Structure formats: structure tokens, C-alpha cells
Amino acid sequence: KGNVDGNVLLKRVNNTYGIIANAKITSLVVRDVPIGNLSVKADNPTADRFNIDVNLSGTNNNLTAKGYYLPGGGDHAISINAAIQSLSLKTVEAFSMGQITEASGMLSGDFFIQGAANAPEITGELVFNDAFLNPAVLNNRLELKHETIQFNKDGIYLSSFTLLDADKHTAIINGTVHMKQYKDFIFDMHVKTNDFLLFNTTVKDNKEFFGRMVIDSKIDVNG
């Protein structure tokens, strides 16, 4: 729920359709979680270009995304810069449709999205700050003190990416998932766990696998 204000204009010039939008939702609340104020501005100054400017601001949320889309741009159709000064994990939980619970802490980072509309390249980083979350599929509340995921053109990089279970036992991940435009994955990952609680589920939580699994291991994932 929230308060909606603004205007959207659809226009047609010389058999070409366009849009001018300036809309704002204030005091947005999703699943009883206060999100903040969301504003969206969009326009197409020419028939083959759409500009977009999105801003989310609130007590715990502050992010912006700005760029453009070219319908006939081919490999250069999208260019968007996104900056996440702060994003509450409670906000992520609210939009997760029940897949994440018991979340707290913050996300920050920045992303640059560019390339073809059907296979854009994403570069940047995502940082977890004093974060907790419980993936429903695991029923295990995980802690991420200050962990970073790097997104490069050739893949996702993790360096001493550390997860802690409720008893502070660790799972440490190092390595890379190489890919090209989020397909053709090649794994080069190394995982070390120390009495780490991986999942603690019942058949009600997950019909595919359930029970309690604690692992103490060194695992290499390649290929």
C-alpha cells in the first residue's frame, strides 16, 4: 500500500508511439514492511530512445537507477547505472514471496548494466553488511558480517565469502563462476566448512529433501 501521485502521457507522433511518465508512490508498504518513497521518471526524447530514472528513498533504503533503452540498439540496447547506497534486507524479504524470512541488515553496491536486451552484461558489486537471512528452502538463519560478491563481464567472483550458522560455524567460499552473459557456466569454486549447519528442514519446509545436515568438509567444484 501507499499513496500514488503523478502522471503518464502516451503520445503518438508520425505513427510512432512514445511515453512521458513522472510518477511517485509515497509511504510504500509491502507485506507490512515500510519500503519508503518510490519515484519513476521515463520519457523518449526521440522515437528510438527511452530514458528511465528510478529513485527509492526511505529510512533504510536509498538507491537510484538511471539510463536508457534503445529498441533497435542491438548489442547496445541497454545502458543503466544503478547505485545502492543502502537497501534493507527486510525490503528484500518483503518482495521474496516467502522465500526469505527473518531478514535483517543492509545491502549496498553498484551495478552497470549494458548490452543487448536479451543478454545484457552486468558488472559491479553487492555487499552484505551485518546481514541475516533465512532461506525457506534451508530453514537455517545465516549471518553475513561484511561479504562481497563481485560481478565482472566474465563471471561472478567470491573471495573468502563467509557464511555463519546460528552457532557461528563457518562456510567459506572462494572462487569464480565463469560465464558469458549469464549462460555457459564454468565453475571454479572451493568451499570449506567447519561443523556448518547446511539445512534444518521438515517435509513441510521442503518435500525434495528434509532433515538436519551438518557438514565438515573441503569441496572443489569444477567444470
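Mentor: In this predicted model, Asn61 counts as buried because its relative accessibility is 2%, which falls under the 20% cut-off for that class. The residue sits in the loop that runs between strand 4 (49–57) and strand 5 (62–69). From there, the side chain of Asn61 reaches the backbone nitrogen of Ser88 at a distance of 2.8 Å. Leaving aside residues up to four places away in sequence, Asn61 touches Pro34, Ile35, Leu56, Ser86, Leu87, Ser88 and Thr91.

Helix 1 covers residues 89–94 and contains both Lys90 and Glu93, which are three residues apart, about one turn of the helix. The side chains of Lys90 and Glu93 meet in a salt bridge, with an N to O distance of 3.2 Å. In general, side chains of opposite charge can pair when their charged atoms come close. The two partners fall into separate classes of accessibility: Lys90 is partly exposed at 34%, whereas Glu93 is buried at 17%.

Glu121 forms a salt bridge with Lys153, and the closest N and O atoms are 4.0 Å apart. Glu121 belongs to strand 8 (residues 119–135) and Lys153 to the loop between strand 9 (142–152) and strand 10 (155–164), so the pair ties together parts that are 32 residues apart in sequence. Glu121 itself is partly exposed, with a relative accessible area of 26%.

A further salt bridge joins Glu143 and Lys168, whose closest N and O atoms are 2.6 Å apart. This pair also links distant parts of the chain, since Glu143 is in strand 9 and Lys168 is in the loop between strand 10 and strand 11 (170–178), 25 residues apart. Glu143 counts as buried at 7% relative accessibility, while Lys168 is partly exposed at 46%. Lys145 joins Glu143 and Lys168 in a network of salt bridges.

Tyr182, Phe185, Phe187, Ile219 and Val221 make a nonpolar surface patch of about 410 Å². Val221, one of its members, is found in strand 13, which comprises residues 211–222. Val221 is partly exposed, because its relative accessible area of 34% lies between the limits for buried and exposed residues.

These parts may now be placed within the whole chain. The protein chain has one helix and 13 strands, and read along the sequence their pattern is β-β-β-β-β-β-α-β-β-β-β-β-β-β. The C-alpha trace spans about 65 × 40 × 30 Å along its principal axes. Of the 223 residues, 35% count as buried. The accessible surface comes to about 13200 Å², and carbon and sulfur atoms account for 55% of it. Among contacts between residues at least 6 apart in sequence, 35% join residues that are at least 24 apart.

How values were computed:
Residues are numbered from 1 along each chain as its sequence is written. This is a predicted model: local features need pLDDT of at least 70, side-chain atom pairs count only at pLDDT 80 or more; totals for chains, interfaces and linings use all residues. Side-chain values use heavy atoms; hydrogens and water are left out. Helices (H or I, at least four residues) and strands (E, at least two) are DSSP runs, numbered from the N terminus. Buried means under 20% relative accessible area, exposed over 50%, partly exposed in between (1.4 Å probe, protein chains only). A polar contact is a pair of N or O atoms within 3.5 Å; within protein, one must be able to donate a hydrogen and the other to accept it, and residues adjacent in sequence count only if both atoms are side-chain atoms. Contact means heavy atoms within 4.5 Å. Patches are made of residues with over 30% relative accessible area and no salt bridge: like charges are joined within 9 Å, nonpolar side chains (Val, Leu, Ile, Met, Phe, Trp, Tyr) within 5 Å. Accessible areas come from the Shrake-Rupley method with a 1.4 Å probe; for residues, only the protein chains shown count as cover.
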